[in-house]
Amino acid sequence: ALRLDSGNYAWGSENVTKKVRILDVVYNASSNELVRTKTLLKNTIIQIDAQPFKQWYLKKFGMELGKKAKKGEKKEEAADEDKTSRHVVFKQKARASKQKLDPALEEQFQSGRLLACIASRPGQCGRCDGYILEGEELVFYKRKLEKKKKA
């Protein structure tokens, strides 16, 4: 049996991959026993640490993810305190103007945990890589998890 605590996870819409910690197994389509024993298999839904993606987002767009904006305060003002050149600031502002983030994903960044799916086969290759759930897939699995909580 392997004890894996991290893997490479891709954020598809932003086209970035980071090595992150695996926090928990939350759903497996074949058996709840696999969730209880925290077994990592292909297509298992897990929770991963959001921090590496938050740091990347801050560097790329100059906006901090997961911070609730206070009334009257814009998101951009919070990140401008550190020393960055004018050129970099304008680059980030241009990127941020074209950028929109899924509200469901924004909510996950606030909790610091992202739902992800394992795409590799951990038992065969000894690695646990995958992708962050977004859009329709994220809605589907969130609904499944809500249903599981109620039962």
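Predicted model: local features only at pLDDT ≥ 70, side-chain atom pairs only at ≥ 80, totals over all residues.
## Overall make-up

The protein chain holds seven helices and five strands, and along the sequence these elements follow the pattern β-β-α-β-α-α-α-α-β-α-β-α. Taken along the principal axes, the C-alpha atoms of the protein chain fill a box of roughly 55 × 35 × 20 Å.

Of the 151 residues in the protein chain, 38% count as buried. Among the contacts in the protein chain with a separation of 6 or more, 65% are accounted for by residues 24 or more positions apart.

Strand 1 (residues 6-11) and strand 2 (residues 16-27) run antiparallel and are joined by six bridges, with Gly7 having Val20 in strand 2 as its bridge partner and Ala10 standing opposite Thr17 in strand 2. These two strands form a hairpin with four residues between them, and in the turn Asn15 has a positive phi of about 55°.

Strand 2 is also joined to strand 3 (residues 45-49), by four bridges and in an antiparallel arrangement, where Val25 stands opposite Ile46. Strand 4 (residues 113-118) runs antiparallel to strand 5 and is joined to strand 5 by three bridges; here Ile118 stands opposite Gly130. Strand 1 and strand 5 (residues 130-132), by contrast, run parallel and are joined by two bridges, with Ala10 opposite Tyr131 in strand 5.

## The two faces of strand 1

In a regular strand the side chains alternate between the two faces of the sheet. In strand 1, Gly7, Tyr9 and Trp11 belong to the covered face, whereas Ser6, Asn8 and Ala10 belong to the uncovered one. Trp11, on the covered face, counts as buried because its relative accessibility is 0%.

Within helix 5, the buried residues are Ala104, Leu105, Glu106, Gln108 and Phe109. Just after this helix, Gly112 takes a positive phi of about 85°.

## Helix 2 against helix 4

On the helix 2 side, Leu58, Lys59, Lys60 and Phe61 take part in the contact, and they meet Gln92, Arg95 and Ala96 in helix 4. Sorted by class, this contact has three nonpolar, one polar and three charged residues.

## Aromatic rings

A search of the whole structure finds nine aromatic pairs. In one of them, Trp11 and Phe53 have ring centres 5.9 Å apart and planes at 90°, so the pair is edge-to-face. This pair links distant parts of the chain, with Trp11 in strand 1 and Phe53 in helix 2, 42 residues apart. Phe53 has a relative accessibility of 0% and therefore counts as buried, as Trp11 does at the value of 0%.

The rings of Trp56 and Phe61 have their centres 6.1 Å apart and their planes at 85°, so this pair is edge-to-face as well, and both Trp56 and Phe61 are buried. One aromatic cluster takes in Trp11, Phe53, Trp56, Tyr57, Phe61 and Phe109. Of these residues, Trp11 lies on the covered face of strand 1, Phe61 takes part in the contact of helix 2 with helix 4, and Phe109 is among the buried residues of helix 5.

Definitions and conventions. Residues numbered from 1 in each chain as written. Heavy atoms only, no water. Contact = heavy atoms within 4.5 Å. Nonpolar A, V, L, I, M, F, W, Y, C, P; charged D, E, K, R; others polar. Buried < 20%, exposed > 50% of the residue type's maximum accessible area, 1.4 Å probe, protein only. Pairing = 2+ DSSP bridges. Phe/Tyr/Trp six-rings, centres within 6.5 Å; stacked < 30°, edge-to-face > 60°.
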